[in-house]
Amino acid sequence: MPSTYIGFDLSSSGLKCLAVTADLKAIHEEAILFDKDLPHYGVVGGVHKNEKEKEVYAPVAMWIEALDLILTRMKEGGFDFSSVRGVSGAGQQHGSVYWSDKAEQILASLNPNSSLVEQLSPDGFTHKWSPNWQDHSTQTECEQFEQAAGDGEALARITGSRAHHRFTGPQIKKFHRRHPEVYEKTARISLVSSFLCSIFLGRIAPLDISDVCGMNLWDIKNDDWDQSLLTLTTEGEKGGVAALTAKLGDVERTHGKNLGKISPWFVDRFGFSPECAILPFTGDNPATILALPLRPLDAIVSLGTSTTLLMSTPTYYSSVEYHLFNHPTTRGLYMFMLCYCNGALAREGIRNQVNKASNISSGTWDAFDAAAVSTPMAGKKSPSDPAKIGVYFPLPENIPNVRDGTWRFIYKDGKVEQTEEGWDIPRDDVRAILEGQALSMRMRSEALLAPDPKVNGNKAQPRRLYFVGGGSRNTAIMQIMAEVLGGFEGVYKLDIGSNACALGAAYYATWALERKEGEAFEDYVADWWDEENQVKRIGDSYKEGVWEEYGELLKGFRLAEEKLVKIAHN
Ligand SMILES: Nc1ncnc2c1ncn2[C@@H]1O[C@H](COP(=O)(O)OP(=O)(O)O)[C@@H](O)[C@H]1O
Ligand SMILES: O=C(CO)[C@@H](O)[C@H](O)COP(=O)(O)O
């Protein structure tokens, strides 16, 4: 049996695991879906919601039980854990886990005859929930963060992002305001990525240098915590900054560092080699960019619960419009990200309405897809018809920062009007949601894709457009989004697209252990990259005339969004 390397993805909807060999061939995939496989937690989409307080949170015990279950299934399926040389992983970003002072001792002495959940929960934690990235309960804290830095732009210059409800700094500040005695009793705070890593390591793991940028606390350029933001976070809390930095622990600045050997619990219970190495675990989006040999101007659209647009860039050019994170493997590179709360769930909402209108009861995508491809661009049956523009936010949104709702517009002769006149609802909503989601991404990535006469001529579009995530199973969705976004070298989907994040984590583990002295991650992946088998070309993305016509529609979309922000500002 050749050596293998595994990557985990602890995402919103489930826990996924993927194993590769040193030449980056995927050999095994496994997934646990929280709603279906662990129904006793009563979650929907992996989370609980308190609508009144705009809180969204997940049970930490469910994640732990999922880990035991996924490994059990792999073992029962015949997976040979003794072949695993290294483990890495990824976690949904921004979520935090609150460990008790007993946690280190429990982690270090796990009994292989008992499950993880029996041993770690509840004594290992001071709080049994982890705030989820869909949480919108920290408006006050976000305002304080931006004021402390000067404004949103200034905060983005320091931390890579303006203040966001889901970011861990504002969440921790709210946590000690709401539960001061629980905060005080908390010995350590992990991100979801370092939480999962800690279980494998048998001690609390350091935070990852990329994932730490999702906290609004890390000064990216100075490579350290921002002291004034830590002070703000701990305001009114008697332990102050010293207590918080002790709870947060170290941030691992060495990319690909071998953090130590796997905890004996995994050796005894599942047959891992005692020599198996644990590598840093990063955020789900940083891990996704590791699943492909991304070059400058290549863009990934990840169609998961959240919908994200990801790029790798050497330029630290911050803005309130998007996020910059440290690249997970390469110093001096940054990950550019747009992240929408209303991704897959919003698309599913329209799908359900279309199915209901056609008396289709199951969650199939056929009627949605048929409506998507048979509706003309912007719902215009003839050139003189007004264009239809729709914005669908079943959840409050970050981009732009507005409340939940649905807004329909028509656009003609340079003017937008909010109206449902002429709309065939829900049929026209299908094309409108896909175009609207892609137009928003196009509008906000234009600066990074600035025209370059040597590369993309005079068109602000990506080189290659890659689709990943659950929605990359859907050709109609990808086709329409690709027409809006362009991609002068074509549109591709990753073969294991619905598991890109776990794949990126498995590549990270492989590179960390197998690289030659000083070999960059990009070079390692490029050496083993098998274009024919790892990606599928879906077609030409840039269609002359179509992309330009969407450029015209973008002017209407911009006006519609301006109107919307006025009506629905959070
Ligand atoms: N055939 C399909 N067409 C469109 N969307 C799909 C299809 N299959 C799955 N999805 C979407 O993929 C989403 C899950 O994607 P995934 O990347 O696994 O999510 P996450 O990593 O956020 O947990 C589901 O919410 C579903 O809407
Ligand atoms: O909040 C963000 C990124 O800022 C989300 O992308 C989360 O990281 C969770 O993603 P999924 O589990 O939905 O893919």
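Strand 24 and strand 25 (residues 535-539) pair in the antiparallel sense over four bridges; two strands pair if DSSP finds at least two bridges between them. With strand 23 (residues 465-468), strand 24 pairs in the parallel sense over three bridges, and Phe-467 stands opposite Lys-493. Between strand 23 and strand 24 the chain passes through helix 17 (residues 475-485), in a right-handed β-α-β crossover. Right-handed means that, with the strands pointing away from the viewer, the path from the first strand over the helix to the second runs clockwise.

From strand 24 (residues 491-494), Val-491 and Lys-493 point one way and Tyr-492 and Leu-494 the other, and all are buried (20 or more other C-beta atoms within 10 Å of the residue's own, with C-beta atoms placed from the backbone).

Ligand 2 is surrounded by 16 residues (C-beta atom, placed from the backbone, within 6 Å of the ligand). The closest are Ser-11, Gln-93, Trp-133, Gly-304 and Thr-305. Domain 1 (4-285) and domain 2 (293-494 + 540-570) each contribute at least three residues to this shell, the domain bounds coming from an automatic or database domain assignment.

Residues are numbered from 1 along each chain as its sequence is written, while chains are lettered from A and ligands numbered from 1 in the order in which they are written. In this predicted model, local features need pLDDT of at least 70 and side-chain atom pairs count only at pLDDT 80 or more, whereas totals for chains, interfaces and linings use all residues.

Definitions and conventions:
A residue is buried if 20 or more other C-beta atoms lie within 10 Å of its own, exposed if 12 or fewer, and partly exposed in between; C-beta atoms are placed from the backbone. Helices (H or I, at least four residues) and strands (E, at least two) are DSSP runs, numbered from the N terminus.
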